[in-house]
Amino acid sequence: MAVVKQHELLVRLERAKQKAQLTQKEILVSHRIQVDTIDPLVVFNNGSSLYKGQRSFWSDSNNTSLVGIGEALRFDVDGEARFPEIKRQWKAIIDNQLEDYDTTYVYGTGPLLLGGFSFDTKKDKTPLWTNYSDASFVLPVHLYSKIGEKAYLTTNLFVNPDSDIHMLFEKGVRENAGLLKKAALDTAQKRSFSLTEIDPEQWKEIVVKTTSMINEGQLYKVVLAREVIAQSDSGISAFETLVNLRNQQPNSFIFAFERGHKCFVGASPERLVQKQNDRLLSTCLAGSIKRGSYYEEDERLGRLLLTDEKNREEHDYVVQMIRGALEEVAGSVEVPEQPSLYKGRDIQHLYTPVEVKEATEVPLLDVVERLHPTPALGGLPQLRSVEIIREHEKLDRGWYSAPIGWVDLFDQGEFAVAIRSGLISDNYASLFAGCGIVGDSDPESEYEETLIKLKPMLSALGGSIA
């Protein structure tokens, strides 16, 4: 069956060339076949020899994994118009250049974009985030999708009036075979790291200044982040980091986005929004405490979190903001009366889902724009808190704490908030963590909370803070 389906690719390339000659435009051919299931991380690793520095990885806790290899097309947009501009450029490709897409729709397959946004378009950019625009999305040459127990491979190729379609076809088939080559998933190796905390005492001073502004009534809450740099004596592998993250954080969104020699990678517990069929789901994850070392202690800490006034107040800020944002675009929104607990490996959070059940006509990227940044990552009021972060935080967040994910041609997709993350560059990794500052926040306690939040990425890299 796969051989027959591959031959269909050649037929579609021929048809696309005829259309390209007629219209004098490049035509996108997106061709999907069902394939044998292999580990998505094996596909990601196989792709390094074909398209170095051009890989994307995404997986959720519901057994959906997407691996993008190569860049058939890349959209890079800077500035405040990034959300509508990505939406406009993607729609232009779908409306004007996509050759008839005649396969049965399967969520997470076919032509789709993988990528993300920066936290703040107005923040001064540093060399740290070179190649990561305010919005950057890739239509991969090859997309491996593992959806439940089934697997699919989508090939995206552009055809122009002069294309050698037989060469395109043979190259595509050859690369497909290389990507699907089965291999053992080696256990990631432990590494030694030296760790540098970036001005922790200065960060605590900023916490003090921020609590003063909050107590003066200037705002309600600000999320302040800080950076730790991990340096290894050899190059840090994005693949090995992903192996560790998946093993250690199975209930999180695992992601990686390469841009040349850099890779933004992480394991976020926080969904921003998912749109599937006519259902839209967002989640509030704010307020946290460490996990216990044994069952009784873990339960006690969970109960403490559920009854803690500061954390409940912080959580309710997020719930009300997300609810309000969704009501503006979708009308009826369903929210439970009380939060529950979301337990990660090292930390547990207050958790509340927010759902819209009739969201077919609600544009996904419009919702992402309205929700970002949530009070869990920026603060309240939204604009004022981002101004405080921009002015006082000694950090270029880049894509940290911003929306990352995917969207397809039918406006289905999913975005998470890029926390518990780091930016790998050769043998360095910049790791980020933040916490919500309110009027009675204690600098030492908030600092200790960031140490807890840094643990997942430090563990994935093989390092720790003493």
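This is a predicted model: local features need pLDDT of at least 70, side-chain atom pairs count only at pLDDT 80 or more; totals for chains, interfaces and linings use all residues.
User: What is the phi of Asn131 like?

Analyst: Asn131 has a positive phi of about 80°, although it is not a glycine. As background, most residues other than glycine have a negative phi.

User: Which other residue has a positive phi without being glycine?

Analyst: Asp426 is one of them, with a phi near 60°. Asp426 is placed in the loop between strand 20, residues 421-425, and strand 21, residues 428-437, and with a relative accessible area of 44% it is partly exposed.

User: Which residues make up the aromatic cluster around them?

Analyst: One aromatic cluster is formed by Trp129, Tyr132, Phe255, Phe257, Phe264, Trp399, Tyr400 and Phe432. Across the whole structure, the search finds 18 aromatic pairs.

User: Phe257 is in that list; how far is it from Phe57?

Analyst: Phe57 and Phe257 are 200 residues apart in sequence, and their C-alpha atoms are 6.6 Å apart in space. Phe57 itself lies in strand 2, which covers residues 55-59, and with a relative accessible area of 1% it is buried.

User: What does Phe57 touch?

Analyst: Leaving out residues up to four places away in sequence, Phe57 touches Pro40, Leu41, Phe44, Leu66, Val67, Leu242, Ile254, Phe255 and Ala256. Phe255 is also a member of the aromatic cluster.

User: And Phe83, where is that one?

Analyst: Phe83 is in helix 3, residues 82-96, and it is buried, with a relative accessible area of 5%. Not counting residues up to four places away in sequence, Phe83 touches Phe117, Leu365, Val368 and Glu369. The C-alpha atoms of Phe83 and Asp120, which are 37 residues apart along the chain, are separated by 13 Å.

User: Changing topic: which peptide bonds are cis?

Analyst: Among them is the bond joining His372 and Pro373, where omega is about -10°, and the bond from Leu380 to Pro381 is also cis, with omega near -10°. As a general point, most peptide bonds are trans. Pro373 is found in the loop between helix 9 (364-371) and strand 17 (379-380), whereas Pro381 is in the loop between strand 17 and helix 10.

User: Now zoom out for me: how many helices and strands are there?

Analyst: The chain has eleven helices and 21 strands. Its radius of gyration is 22 Å, close to the 23 Å that the globule rule gives for 466 residues, so the chain is as compact as a globular protein of that length. Along the principal axes, the C-alpha atoms fill a box of roughly 70 × 50 × 45 Å.

User: How much of the chain is buried, and what about the contacts?

Analyst: Of the 466 residues, 60% count as buried. Among contacts between residues at least 6 apart in sequence, 76% join residues that are at least 24 apart.

User: Last one: where is Gln21, and how far is it from Met457?

Analyst: Gln21 lies in helix 1, residues 2-23, and at 41% relative accessibility it counts as partly exposed. Gln21 and Met457 are 436 residues apart in sequence and 50 Å apart in space, taken from C-alpha to C-alpha.

Notes: Residues are numbered from 1 along each chain as its sequence is written. Side-chain values use heavy atoms; hydrogens and water are left out. Helices (H or I, at least four residues) and strands (E, at least two) are DSSP runs, numbered from the N terminus. The radius of gyration is taken over C-alpha atoms; the globule rule is 2.2 Å times the number of residues to the power 0.38. Buried means under 20% relative accessible area, exposed over 50%, partly exposed in between (1.4 Å probe, protein chains only). Contact means heavy atoms within 4.5 Å. Rings of Phe, Tyr and Trp (its six-membered ring) pair if their centres lie within 6.5 Å; planes under 30 degrees apart count as stacked, over 60 as edge-to-face and the rest as tilted.
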